[in-house]
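Let's take a friendly look at a protein and its ligand. Have the sequence and the 3D view ready as you read.

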Amino acid sequence: MTEATGIVGEFLALKEETDADILAMQCGDFYEFFADDAELVADELDLKVSQKSSHGSKYPMAGVPVDDLTPYVSALVERGYRVAVADQHETADGHAREITRVVTPGTHLATGDASAQHLAAVVRHDGGRGADGETYGLAVADVTTGRFQVTQLDDADVSAVLTELYTFSPAEVLPGPELRNDDDFLAQLDERSEAAVSLHATESFAPGRARHRVREQFGAETLESVGIADDDAAIAAAGAVLSYVEETGVGTLAAVTRLQAYGAREHVSLDATTQRNLELTETMQGDSSGSLFATVDHTVTAAGGRLLKRWLQRPRRERGELVRRQSAVAALTREAMAREAIRETLADGYDLERLAARATSGSADARDLRAIEDTLGLLSAVADAVAETERLADSPLADVLATVDREGAADLAAELDTALVPDPPGTVTQGGLFSRGYDDDLDDLIEEHEAALEWLETLPDREKERTGITHLSVDRNKTDGYYIQVGKSETDQAPDAYEEIKTLKNSKRYTIPELDERERDVLRLEERRHEMEHDLFERLRERVAAHAALLQDVGRALAEVDALASLAVHAVENDWTRPELTDDGRLDIEAGRHPVVEQTTEFVPNDLEMRPDERDFLVVTGPNMSGKSTYMRQNALITLLAQTGSFVPARSATVGLVDGIYTRVGALDELAQGRSTFMVEMQELSNILHSATEDSLIILDEVGRGTATFDGISIAWAAVEYISTRIHAKTLFATHYHELTSLGESLPNVQNVHVAADERDGDVTFMRTVREGPTNRSYGVHVADLAGVPEPVVDRSREVLDRLRDDKAIEVRGAESGDEGTTQAVFDLSSGQFSGASADGGDETDQVATDGAADQLDPSTEDVLEELSDLDVNETPPVELMAKVKQWQDNLDEA
Ligand code: ADP
Ligand code: MG
């Protein structure tokens, strides 16, 4: 490409200055994209590309009108692009352009999405004295609401910090200098999160600079008062986020009024896989409807919905906060009238947290300020409703409202109410915003302006009377200004003083000196009024912005009332119960249900009883489709709901508080969705084995299924042993390896439960009731029966099966046997050991032994074994297999 000059050259030079993906450059009434950017934008947004000629070269060009830029930028940012905007401004010799802001996924103020929008910085510092692990700092900001949360994880690893990060579903992540080249970190982030990754200037992460930046934003003593003065990693992350928001120039930093530090021990660990498996905010298919959140969400405000979602994604560990929420919910469940009145009131409100951010960034218009006034007004209505209902007044709900400065809120609302007209226009530069009596100078100006307008309005009547002309009007347009218009038939009656300015088909236009003079007056007054109202409005908006913290407080209090009321509504409508929260590690659920499945299905309730040490590991067996997965998830969700302060779907529940919930599903289910591999399954299993503690809840669903039987059963076996003897986490483990049920015999804390099925009359009916003990039937044989396999074969296969079980040994065949041919092993259920052998080495066959008794083999036995080892189970139809087994048995009987 030849060196571009002119407008394209200017565009390309500006593009060089920024590391944004796309540049939008203002050219008069349009924002233009050139060259590669034009093609990219056209592609993404379906814009038309034209060609711009510049000094002999042609460049693709696409543009949008100045006033329409915002939705286009939003659409690009939502697709993960960072968009720089260069504005044009007048200079002494023409005009100049410069980049005024960069809109990124984490700093996008004009988002149309009510969900939280998180920008996060993650920093790693080397482990301190004596610590094995490293220290991670995490800072998370939502610029649309001004929330800013910071934490530090000491002695942690990549997966721990990512687990913490994912609970925020970040839109954009700024990795610190130490993490930028960490392939493991970046790969995991890429795989599990949709976040855009942005590289922010290294020096912004430097401890001294970051500390300074944080103090500047929140005040000198803040770090000490929130208790993170020594947490360098947390401070580095916080400083980086602040400087990034500032640099993007979107002007929302002032909305970040408070630094909230939290301990990593406050929340239940929920990694990304668990959030997905439990379908907290979206289903496995990626739909939001059918998720837990969609099911329990009855909030009536955007902020209430955001808060409820946050509660679900970040359940709490300590009982105090949970009991507080529970008590408020309990009171609300019993006061239906007051609750519904409060919800109706809340529904009239607007999103105060977001409006506060709009005010501080200078983008709020008069309608936004009216919305703020309206919503502030709801505070007292809600507070009164609570105060008037004794049960609510005595509940923690009253404390939620007591923390906000109600007087300050009322004062601000009153000021806005007297200032603004009831229904102001959507633009702030065209006047018409303020009520009379708000500002004396403005009132005088308005009076003068309106007198001048009045003179113009009454001019036609005066002129008609004076001249006797009937078809006479006064109008205004852009080119002629104000004029008197006279119908064609009467133009000869026009007085001499009428100066003709234009002849039209049916009329003539005139002006007179007084009209010219008044026109100048009106235009001058109009301009002054617009300017004055705009100035006044900016000052009013600044005063509102100065109250950002107050607005956020009120917004958050109303959001909390909304979220608590939503939990109460769901509890009442679905007959949920208040769980008892304990610290003794028990989980006792009577007639529990799955919160989502019960919405659409006649649900069969189930009990669960887990006790530390004696009964903390349950092996769940049962045929396919009997309800194993549902049962396990239901209990994980009940625990999770209990730890958000919600009631739970059960007749009664005692929930020992957990520090983390971990769920894994065998790769087969996942593979079907093209998502996962056996490798991922194993990585995830390994993660659990590293992270879970005796206070955690683990759900393992068919783990080990993603590989050949031989491997799968070994992995499953070892995992059960490790968890039950070393970690002691409460665990529910569903498996189709029936053999694993015998683990209950050797490990005292491991017990079996099964989902009962009824198979009378040749029909399998799933009762979906969970009972003690392992399944005692082989449903595989039963299915063969149902499929019409001849009776003798089915009967015989039952005998064979019983015999195999009695022997407590089962043959397992490895599919990945490599070059040496087929590998066989006998898995001894009482010891949990394999004894293995290579089938083509005849001298080794003696190791394939059940009881160690077969030193000497007669030829017919050897024949059977040889045939057995050559047989490919995966390739042989079941009926043929059975026939072969029968034949071998006959042969052995004869021997
Ligand atoms: P499994 O894991 O044993 O194969 P699932 O848990 O996937 O079985 O359940 C199979 C089907 O049965 C699902 O459609 C589920 O909604 C339904 N189901 C499971 N448990 C119950 C129950 N307790 N009551 C009613 N329907 C249930
Ligand atoms: Mg299942």
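Below are notes on a ligand site and on a pair of packed helices.

This is a predicted model, where local features need pLDDT of at least 70 and side-chain atom pairs count only at pLDDT 80 or more, while totals for chains, interfaces and linings use all residues. Residues are numbered from 1 along each chain as its sequence is written, and side-chain values use heavy atoms, with hydrogens and water left out.

**Around ligand 1**

- Ligand 1 has 15 residues around it, and Val-604, Met-625, Lys-628, Ser-629 and Thr-630 come nearest (near means a heavy atom within 4 Å).
- This shell holds five nonpolar, seven polar and three charged residues (Ala, Val, Leu, Ile, Met, Phe, Trp, Tyr, Cys and Pro count as nonpolar, Asp, Glu, Lys and Arg as charged, the others, Gly among them, as polar).
- Helix α23 (residues 628–642) gives the largest share of the shell, three residues (helices are DSSP runs, H or I, of at least four residues).
- An oxygen atom of ligand 1 is 2.8 Å from an N or O atom in the Ser-629 side chain.
- For Arg-768, an N or O atom of the side chain is 3.2 Å from a ligand 1 oxygen atom.

**Two packed helices**

- Helix α19 (residues 440–467) packs with helix α20 (residues 513–546) at about 150 degrees, their axes 9 Å apart (axes are lines fitted to C-alpha atoms over the stretch in contact, and angles run from 0 to 180 degrees between N-to-C directions).
- Their contact has 13 nonpolar, one polar and nine charged residues.

Note on methods:
Chains lettered and ligands numbered in written order. Polar contact = N/O pair within 3.5 Å; in protein donor to acceptor, adjacent residues only side chain to side chain.
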